[in-house]
Amino acid sequence: MSGHVSPIREPLVQGHKTYHDITEDLCAPTERKPGTGWVIGFILSITLLGFGLFCIAWTVWHGIGTWNLNRTIGWGWDITNFVWWIGIGHAGTLISAILLLFRQKWRTGVNRAAEAMTIFAVICAALFPGIHVGRAWVVFYFFPYPNTRGPLWPNFNSPLLWDLFAISTYFTVSLLFWYTGLVPDFATVRDRAKGMRRKIYNVLSFGWTGSAKHWQRWEALCLVLAGIATPLVLSVHTIVSFDFATSVIPGWHTTIFPPYFVAGAIFSGFAMVLTLMIVTRKLFNLQNYITIGHIESMNKIILVTGTIVGVAYLTELFIAWYSGYVYEQFAFFNRATGPYWWSYFGMMFCNVISPQLFWSRKMRRSVFVTFLISIFINIGMWFERFVIIATTLARDYLPSSWSYYSPTWVEMGIFLGTIGIFFTLYLLFARVAPVVAIAEVKSILKTAGDQYTGPNAIHHHHDHADHGHHEEVLSIASEGMADDDGHLQVVSGTAANQATETMVGQKDDLRKLEGIGPKMEEALNGGGVYTFAELADAQIDNLKQMLIDAGQNPDINDPTSWPQQAALARDGKWDDLQDLQDRLDGGRIV
């Protein structure tokens, strides 16, 4: 097509997909009955969720004494899990927002799962402060409000209060960003649905019609929210790190915590997105949309952020030694050689050593290795939070108050319950909304589809008009007929007949024009329009009537630009056609 389509860059949409194929494949999980894998996963998630709710009820009924906290260790698994979930959640929106702002096309395979992950992870994280207060019915003490109970205004100098504002603000922006991206896809599902289901999706899509104005406002809102969310991510996990860094406890009182926590959050977030992506692509057969290329790109970022986290670990050790402060030195010596040595070395292995496998391209592109390493990283980042909290509190200034912390079955049950909450919400989400963004995949099809770019591309056009028709014939004749090496296969039937008709000038592939898919082409053929020349001479009103006669909505499938596109295609001006298509928005030229 045009000069900016790379024949070398790896395609992001596999399988020679048309616009219609994309709609069918990505809407299918929301329309068909769930598969066995989904049902098994959902039953396991619901089971964990139920056990977690039982443990929460047990805690509220019997009190925090059911946890193994004591005078020395006031923070245990609760705050460890809180920070872990916050880290996972805060990376999700950042991944999507940063990739959108930098116009990275490979975000289409990962952004929806990443955004959903943020919402569900923050919900899991918010559970722990509410329980940790002990008396869950007085959790409103977190909020600054006038009261008649004496001086109960929260301390605004406390990072714990900063957490409340930062996380709630970030959750609100992330929720808007996630839902905004879903609106066009909800409309697509709505147009395919019937009865009550159609009415529900109509409400969810806010009456989206796909007009140029809707697309313009949608893209502007996405960019604004992405611009707001990006600095919020940095600020929120920085504030979470202040929960520790503003104290005077050795091992916590350090200036490296803010960037260290942010890097760790991105690191663990990418790992969790990979875990979700690999499971999702298998459960819903989305290998053509969540490709090996997507996985490799994610692994490159994991390698970089994992290296940053490793440097942070070594920096902590160096500064503890360089400071000459014996208590700081002991804190880090105790982490590596004390009673919790297993968690420290587990953290180092999972977070620093295991990602180094991704220096190998073969490993980066291995689905099994990627899934395994993503699990290791999730475990390693949990160990990191446990090391920071438990090992530091277990050995303070006075040896007489030293203690050893291990969780009770109630604490472990609540953690397992949050995992159940997370995967239950994600599996339900995957059943009601496309887990890969339909509209965004379609937007990159002509520059990242494997029939347009890469070694097996079949749509190649020359600038000269006398070659245009020959290239059209080649494109149609070879559509769906190339083997894995890109060689054409001998075929018969519909494709061969279509190619033959094109050779004698009886029919053109109208689907090459923006906005025309198989159904639109069928509607035009039914109205007597078969070639680019006939479409170029057609009147807009006549085209709209053809669509109405075929049961299509001309407001959604606006034919205004079709004659102009057809004229360029008729004359073989493929670069001009591509430039025109790049300026189309909802079927109109912008």
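I began with Cys-27, which counts as buried at 0% relative accessibility, where buried means under 20% relative accessible area, exposed over 50% and partly exposed in between, with a 1.4 Å probe and protein chains only. The model is a predicted one, in which local features need pLDDT of at least 70 and side-chain atom pairs count only at pLDDT 80 or more, while totals for chains, interfaces and linings use all residues. Residues are numbered from 1 along each chain as its sequence is written, and side-chain values use heavy atoms, with hydrogens and water left out.

I then looked up Cys-350, which is buried at 8% relative accessibility. My search for disulfides, taken as pairs of cysteine sulfur atoms within 2.5 Å, gave zero in the structure.

Next I turned to the aromatic rings. I counted 44 aromatic pairs in the whole structure, pairing rings of Phe, Tyr and Trp (its six-membered ring) if their centres lie within 6.5 Å, and calling planes under 30 degrees apart stacked, over 60 edge-to-face and the rest tilted. One of these is the edge-to-face pair of Phe-257 and Tyr-260, at 5.7 Å centre to centre and with 70° between the planes. The two residues are three apart in helix α8 (residues 257–283), and so about one helical turn separates Phe-257 from Tyr-260; helices here are DSSP runs (H or I, at least four residues), numbered from the N terminus. I noted that Phe-257 is buried at 0%, and that Tyr-260 is buried too, at 3%.

I also examined Tyr-344 and Phe-345, whose ring centres are 5.6 Å apart with planes at 90°, which makes the pair edge-to-face. In this pair Tyr-344 is buried, with a relative accessible area of 8%, whereas Phe-345 is partly exposed at 46%.

For charges over rings, I required NZ of Lys or CZ of Arg within 6 Å of the ring centre and within 35 degrees of the ring normal. Arg-335 has its charged end over the ring of Phe-332, 4.6 Å from the centre, and Arg-431 lies over the face of Trp-38 at 5.8 Å from the ring centre.

Last, I looked at the nonpolar cores, meaning sets of buried Ala, Val, Leu, Ile, Met, Phe, Trp, Tyr and Cys residues joined through side-chain atoms within 4.5 Å. The largest core has 132 residues, of which Trp-85, Phe-244, Phe-422 and Phe-429 touch the most other members. Helix α8 supplies the largest share of this core, 15 residues. I recorded a second, separate core of 21 residues, with Leu-513, Ala-523, Leu-543 and Ala-566 among them.
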